[in-house]
Amino acid sequence: MATRIQDEGSLAAQREKVKPPRMFKVLLLNDDYTPMEFVIVVLRRFFSMDAEQATRIMLKVHNEGRGVCGMYPRDVAATKVEQVSAFARQSQHPLACVMEEN
């Protein structure tokens, strides 16, 4: 937002610098029960990934225990976590989705 200040008889616009929003990583965590195919469905449906990208992230989750699905502002990340968690519960899978600050 611009504010006007008076400097020796003349008005000048002073701009406030706005910081970009803090970003949060949305992560999927590995478990021993959720099928790999379900993880791919989640990545495609909620994170708009193509089949190859979703498979790559799914394998990272499987092999390393967790994988980054995307980086979002806090509100968007929280919404993604809730959507994935609700979908997993509805499908009776224990898939964990969490967010952490970047």
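**A tour around helix H2**

Start at Gly 65, which follows helix H2 and has a positive phi, near 95°. Helices (H or I, at least four residues) and strands (E, at least two) are DSSP runs, numbered from the N terminus. This is a predicted model, in which local features need pLDDT of at least 70, side-chain atom pairs count only at pLDDT 80 or more, and totals for chains, interfaces and linings use all residues. Residues are numbered from 1 along each chain as its sequence is written, and side-chain values use heavy atoms, with hydrogens and water left out.

Now select residues 51-64, which are H2. The 14 residues should span 20 Å at 1.5 Å a residue, and the end C-alpha atoms are 20 Å apart, which agrees. The expected span is 1.5 Å times one less than the number of residues.

Next, show Ala 54, Ile 57, Met 58 and Val 61, the buried residues of H2. They lie on the same side of H2, because they cover an arc of only 100° around the axis, taken from the directions from the helix axis to the C-beta atoms. Buried means under 20% relative accessible area, exposed over 50%, partly exposed in between (1.4 Å probe, protein chains only). On the face turned away from the buried side, pick the exposed Glu 52, Asn 63 and Glu 64.

What covers the buried residues? Select strand E3 (23-29), helix H1 (36-47) and strand E4 (66-73), which are among the elements that do. Contact means heavy atoms within 4.5 Å.

Finish with the open sheet, three strands in the order E4-E3-E5 with antiparallel pairing. Two strands pair if DSSP finds at least two bridges between them. E3 and E5 have six bridges, and Leu 29 stands opposite Ala 96 in E5.
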